[in-house]
Amino acid sequence: MFLLFSANIAAAAQPIIHVGILRNVTEATVGSKGLFEVGFSKTAQTSYYNHPITIKIKNNSLYVDSKKVISDRITLRTEDNQVLINGRKYRGTLEIINNAPKSFAVVEVLPLDEYLYGIIKHEISPKWPEEAIKAQVVAARTYALKNFGKHAKDGYDLCNSTCCQVYGGLESEDRISNALVDATTGEILTYQSELISTPYHGFCGGYTEDPRNVWEGLTKIKYLPIKKCTYCKKAPRYNWSARFERTKIESILSAGGFNVGKIKNIKITDKSPSGRAIEIRITHKDGKILLKANKFRLLMGADVIRSAMFKIKKDKDAYVFDGTGWGHGVGMCQEGAKGMAEKGFNYRQILQFYYPGTEIKQWAL
Ligand SMILES: [Zn+2]
Ligand SMILES: [Zn+2]
């Protein structure tokens, strides 16, 4: 059987990425607007459909429209390189991978830049100045390559959630940010010729953070120092406040696996030169709990206690966290990148500011 549709992606001289769109699912509908080709790994057979098909898994086997197939990998290819997964539009081709016994994954296969098209809008607004968007594109491209193969054991490189980078496919694309992905094609950040990790966050609130103060088990990373940043001052909701009743904190901590009695006080016991809390001590009726401020923040709700740059005050039987910043504070401050671009800095200068000592290089196959 000949292949009706040519492999469009093979023509693109850039890395091909496998993105896990549906993971650990037992049922999915896939297809396209027109005719599409379905290939079966084991038999090398192909079939053509012009209506969406339903994939299911039962007793270790995949089923296409209730018909059992012996292949563990099914591919789906369309003429216009547009596919539908549960009604949502994506580019490229699809692979359905049997992760027996109980579930399968639907994986989108596409060139790296087309993947980036579906990332940027989830990070920053396409209405931001172009130089800030370009800085975000280069950081996101570097991040993707650095984390390539993170989910290799499940049959794809990256997933589509915050675990990797939030990715929304064709429906998340924007004409302007797509053009800026194209304008910076192949550009990545390196330090001493090595691909770097490029963390970024909403806004720092005055100082970026040393990653060792946020995550455990790290050694010093030269290109991620604490930097004074005055560029994010205009960020919306620059200052925030979160109030928790004592009993609420107790129930969150105990749901998080901590053995906690009636809380007597909560104190910051270690603070970064950036102004962020590093460690929190919770004294309760039966003892003490020491935990990393970032971990505490994630437990309480990352969108409620938005960063570890806070002060704690007691108010009756509640605790109030007054803070600034959004996110972990490491690497590029996104609102700061916007502020720098508005002041006339270009994306190279923005990246150099937040990842000092790094170099932009052209990715090579
Ligand atoms: Zn992931
Ligand atoms: Zn900042």
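This is a predicted model: local features need pLDDT of at least 70, side-chain atom pairs count only at pLDDT 80 or more; totals for chains, interfaces and linings use all residues.

Residues are numbered from 1 along each chain as its sequence is written, while chains are lettered from A and ligands numbered from 1 in the order in which they are written.

**Domains.** I looked up the division of the protein chain and found domain 1 (8-115), domain 2 (118-233 + 329-362) and domain 3 (239-324); such bounds come from an automatic or database domain assignment. Between domain 1 and domain 2, the C-alpha centres are 30 Å apart.

**Where they touch.** I found 19 residues of domain 1 in contact with 20 residues of domain 2 (contact: C-beta atoms, placed from the backbone, within 7 Å). On the domain 1 side, β1 (16-25) gives the most, with six residues. Helices (H or I, at least four residues) and strands (E, at least two) are DSSP runs, numbered from the N terminus.

**Helix α6.** I then checked residues 293-300, helix α6, where Ala 293, Asn 294, Phe 296 and Arg 297 are buried (20 or more other C-beta atoms within 10 Å of a residue's own, C-beta atoms being placed from the backbone). Seen down the axis of α6, these buried residues fall within an arc of 160°, so they line one face of the helix; the arc is that of the directions from the helix axis to the C-beta atoms. Their cover includes β19 (277-284) and β20 (287-292). Just after α6, I noted that Gly 301 has a positive phi of about 120°.

Key. A residue is buried if 20 or more other C-beta atoms lie within 10 Å of its own, exposed if 12 or fewer, and partly exposed in between; C-beta atoms are placed from the backbone. Two residues are in contact if their C-beta atoms, placed from the backbone, lie within 7 Å.
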